[in-house]
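Hello,

Here is the structure I promised to hand over. Please look through it first, then read my notes below.

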Amino acid sequence: MNDQQTHMNDARPETSRDEPLLPSTTGISASGVSGRIIHGVIELGGPRPTDVDIVLPVCNEERTLEDSVHALLAYLDGARIDDAQDTAAPFTWNVVIADNASTDATWAIARSLHERRPLQVRALHIDRKGRGFALKTSWLSSRARVVAYMDVDLSTDIRHTGQLVLPLLRGEADLSCGCRLDPHASVTRSWTREMISRTYNRMLRTYLGARFRDAQCGFKAMTRATADVLLPQVRDDEWFFDTELLMRAQRMGMRLVEVPVHWVEDPGTTVNTSPTPSPRISGECAA
């Protein structure tokens with residue numbers, strides 16, 4: 001088995017706009033960094049029509065950011081990106097660095113990367129923590145046909161990028177996500193993280209009726225039309241964002257493709273095992 005597609009029903013969102021969501025002005029932040037300011041968000045490089053925007057949400061990632069962006073750009077610069085059937089299917093793309101309230105050199109690195117590749121790299125500085133908020137801010141200002149994100153440590157093999165976005169570009173699905181719990185996935189991580197992941201996803205299936213298998217893999221994409229409909233309804237802006245996103249998509253009958261991935265744990269990351277407050281979605285989003 002390669003990709004697994006879950007048909008939740010025939011409901012499909014329609015594109016509601018063709019222009020960026022937020023108006024913009026030009027200015028300088030309190031820290032002296034110049035750029036377009038969009039409701040308090042500093043933006044270097046405006047959104048432009050393209051096939052895919054790939055967002056890297058970052059907070060205090062000065063150690064990882066530059067090498068990861070160079071690796072991703074080198075891959076995307078390749079002549080072809082193949083899907084599971086090894087069929088050449090190039091697409092146009094932007095890489096978007098979404099810095100949410102970093103206090104180290106992350107923003108300076110993001111700005112340098114944009115200056116070196118201004119047509120391929122956008123950078124946003126958001127004075128608010130929360131990966132979910134950074135993704136909503138980036139995705140809702142996008143003009144790409146598909147919006148995606150991956151963790152900046154590139155734990156998920158970037159060679160799966162075509163499998164993630166091509167079904168969406170072809171109109172075969174509304175959302176896609178990496179799946180580490182598929183039998184065809186290849187995962188290298190600690191026993192503790194493996195048990196936490198399996199237990200959490202089992203709870204989602206048991207208590208919320210989830211029909212997807214891996215809520216928290218940092219490798220997801222959706223059409224912009226889906227983003228326009230779905231994102232304004234997602235309340236959580238932090239750790240629970242991915243789960244709420246998928247549960248609401250399931251409730252709305254959106255079509256999901258799960259992609260078995262090769263995934264390797266970054267030993268520099270940590271897992272917070274404390275209780276996670278969740279928004280009130282059990283009644284609204286349970287199937």
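C217 is buried, at 0% relative accessibility; buried means under 20% relative accessible area, exposed over 50% and partly exposed in between, with a 1.4 Å probe and protein chains only. This is a predicted model: local features need pLDDT of at least 70, side-chain atom pairs count only at pLDDT 80 or more, and totals for chains, interfaces and linings use all residues. Residues are numbered from 1 along each chain as its sequence is written, and side-chain values use heavy atoms, without hydrogens or water.

Cysteines next. A disulfide here is a pair of cysteine sulfur atoms within 2.5 Å. By that rule there are zero disulfides. C179 is in none; its nearest cysteine sulfur belongs to C177, 6.7 Å away. C179 is also buried, with a relative accessible area of 0%. For C217, the closest cysteine sulfur is again in C177, at 7.5 Å, which is too far for a bond.

Now helix α2, residues 106–116. Helices are DSSP runs of H or I with at least four residues, strands are runs of E with at least two, and both are numbered from the N terminus. The buried residues of α2 are T106, W107, I109, A110, L113 and H114. They lie on the same side of the helix, because they cover an arc of only 160 degrees around the axis. That arc is taken from the directions from the helix axis to the C-beta atoms. A108 and E115, on the other side, are exposed.

What do the buried residues of α2 pack against? Their partners are β4 (41–44), β5 (50–58), α1 (65–76), β6 (93–100) and β7 (121–126). Contact means heavy atoms within 4.5 Å.

Strand β4 is worth a look. V41 and E43 point one way, I42 and L44 the other, and all are buried. β4 runs antiparallel to β7, joined by three bridges. Strands pair if DSSP finds at least two bridges between them. I42 stands opposite H125 in β7.

Last, the cores. A nonpolar core is a set of buried Ala, Val, Leu, Ile, Met, Phe, Trp, Tyr and Cys residues joined through side-chain atoms within 4.5 Å. The largest has 41 residues, of which V52, L65, L72, I97, M150 and V165 touch the most other members. α1 gives the most to this core, six residues. A second, separate core of 33 residues includes L124, A134, F212 and A227.

Best wishes
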